[in-house]
Amino acid sequence: MWYNNILETIGNTPLVKLNNITKEIPATVLAKIETTNPGNSIKDRMAVKMIEDAEKSGKLKPGGTIIEGTSGNTGMGLAMAAIIKGYKCIFTTTDKQSKEKVDALRAFGAEVIVCPTNVEPEDPRSYYSVSSRLEREVPNSWKPNQYDNLSNSQAHYEQTGPEIWEQTEGKITHLVVGVGTGGTISGTGKYLKEKNPDIKVWGIDTYGSVFKKYKETGILDKNEIYPYITEGIGEDFLPKNVNFDIIDLFEKVTDKDAALMTRDIARKEGIFVGNSAGSAIAGLLQLKDKLKPEDVVVVIFHDHGSRYMGKMYNEDWLRERGFLKDEKLTARAILAKREATDIVTIDCEKTILEAINNMNTLNISQIPVTQKGMVVGKVAESDILKALLENPSLKSAPVQEIMSSTFPFVDMNTSIDRISALINKENSAVLVEDEQGKIEIITQYDIINAISG
């Protein structure tokens with residue numbers, strides 16, 4: 001048996017039991033692996049449904065252009081369907097989204113316009129506003145508007161809900177989903193609650209988003225809105241696809257917990273997933289006391305880890321945001337592995353002869369130079385030798401006459417890879433300032449010692 005085109009392979013994704021990251025949870029936890037869809041995300045389902053419904057209603061005409069604001073996954077589904085069905089695509093996205101997502105859309109022949117994240121949805125620069133303007137300007141165009149287009153929820157009511165019901169043989173007790181447009185949770189949840197009204201539907205939200213407070217108080221609090229890193233969930237407005245009657249509760253997850261859990265799913269379960277899966281599992285762990293051993297929980301794993309290689313799967317990116325502070329082999333760990341020593345420096349007004357004597361006494365080849373206690377440069381044996389060969393009387397000259405630029409500075413969370421890259425012929429060490437403002441020096445010897453220790 002074969003399929004007539006790639007769109008026919010969408011859906012019927014596997015349900016896989018999680019065993020390691022869920023050890024603290026008393027229930028059975030199953031992940032719906034939506035990465036096996038051809039576009040590697042759950043959004044393939046609703047992208048095709050929105051297009052087919054628009055074709056039926058006459059909104060999308062042959063040879064038309066599809067224009068959408070998308071963080072990448074919906075765009076991928078739309079672009080794939082557009083290729084099969086003969087449409088063009090223009091997508092607007094935000095500068096928060098990973099480069100991999102934008103590159104993937106362009107790989108499918110779509111035009112992608114990147115817009116700023118930190119503006120109001122009504123702002124003419126926002127990716128919502130730009131896509132709406134383009135729809136008005138581009139002839140024979142159609143904007144799916146995944147947020148308010150109820151074909152989004154309907155796709156999950158028709159497909160995702162029935163699949164989960166059949167795969168769990170009706171035993172599902174809880175559905176856990178990261179909420180962005182709201183289509184997945186509302187459509188799937190509606191179908192499941194029609195089958196069994198006792199099924200609990202839990203939405204995962206992020207800090208900086210409005211959903212949780214709105215569900216609990218009915219207030220859309222603009223003061224709650226602030227920029228966040230987590231991709232694919234949370235919103236700063238209320239999409240029509242979010243059916244608050246279907247969702248029993250919202251749980252908020254921090255950017256840090258979501259990012260680290262995303263990596264843990266890959267490392268502990270061997271399942272390579274994106275950021276919203278990390279959010280969903282982190283949220284489920286926060287809610288574990290609400291579960292019993294006989295419960296069967298289904299968590300949606302929305303998209304694939306390959307779209308996050310420059311972010312959640314990049315240790316330097318995580319460290320820059322303070323998410324990986326105490327991982328082994330950072331500047332902090334290197335310093336912790338060696339005996340505490342005071343850094344030896346020389347004042348810039350001291351003589352070159354004094355620098356020579358200090359180096360000989362301490363058996364070192366380079367020394368940081370200070371001015372009023374601040375590191376302003378360094379002097380090395382090679383600098384001294386070169387200067388004295390040219391002019392032997394320089395012995396009594398101040399060090400600042402021959403010093404070169406200072407060692408590079410790093411912070412306590414800098415990775416060993418980055419530190420190693422900074423140590424070269426010109427720099428035999430790096431300097432690091434601790435939380436108390438004390439300057440430490442890390443040499444190649446310290447790195448070797450930390451790795452082997």
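How are helices α13 and α14 oriented to each other: parallel, antiparallel, perpendicular or oblique? In this predicted model, residues are numbered from 1 along each chain as its sequence is written, and side-chain values use heavy atoms, with hydrogens and water left out. Local features need pLDDT of at least 70 and side-chain atom pairs count only at pLDDT 80 or more, whereas totals for chains, interfaces and linings use all residues.

Helices α13 (residues 352-362) and α14 (residues 381-390) pack with their axes 11 Å apart and at an angle of about 140 degrees. Helices (H or I, at least four residues) and strands (E, at least two) are DSSP runs numbered from the N terminus; axes are lines fitted to C-alpha atoms, for helices over the stretch in contact, and angles run from 0 to 180 degrees between N-to-C directions. The two helices are therefore oblique to each other, given that angles under 35 degrees count as roughly parallel, over 145 as roughly antiparallel, 65 to 115 as roughly perpendicular and the rest as oblique. Their crossing is left-handed, a term for a near helix turned anticlockwise from the far one by less than a right angle, with clockwise giving right-handed. Residues I352, A355, I356 and M359 of α13 meet E381, I384 and L388 of α14, where contact means heavy atoms within 4.5 Å. By class, this contact comprises 6 nonpolar, no polar and 1 charged residues (Ala, Val, Leu, Ile, Met, Phe, Trp, Tyr, Cys and Pro count as nonpolar, Asp, Glu, Lys and Arg as charged, and the others, Gly among them, as polar).

From α5, N152, S153, H156 and Y157 meet a set of α7 residues including G183, T184, S186, K190, Y191 and E194. The residues of this contact divide into 2 nonpolar, 8 polar and 2 charged.

The largest nonpolar core has 29 residues, among which I265, I281, L284, V299 and F301 touch the most other members. Such a core is a set of buried Ala, Val, Leu, Ile, Met, Phe, Trp, Tyr and Cys residues joined through side-chain atoms within 4.5 Å; buried means under 20% relative accessible area, exposed over 50%, and partly exposed in between (1.4 Å probe, protein chains only). At least two residues each are supplied by β2 (28-33), β8 (200-206), β9 (249-253), α9 (255-269), α10 (275-286) and β10 (296-301), and the largest share, 6 residues, comes from α10. Beyond its neighbours within four places in sequence, I265 contacts I21, G270, I271, V273, A277, G278, I281 and F301. A second, separate core of 26 residues includes M46, M50, A54 and A155.

Two residues other than glycine have positive phi values. N145, in the loop between β6 (141-142) and α5, has phi near 50 degrees and is partly exposed at 26% relative accessibility. E169, in the loop between α6 (160-167) and β7 (174-178), has phi of about 55 degrees and is exposed, with a relative accessible area of 63%.

F409 lies in strand β14 (residues 409-410) and is partly exposed, with a relative accessible area of 41%. Leaving aside neighbours within four places in sequence, F409 contacts V375, L431, V432 and I439.
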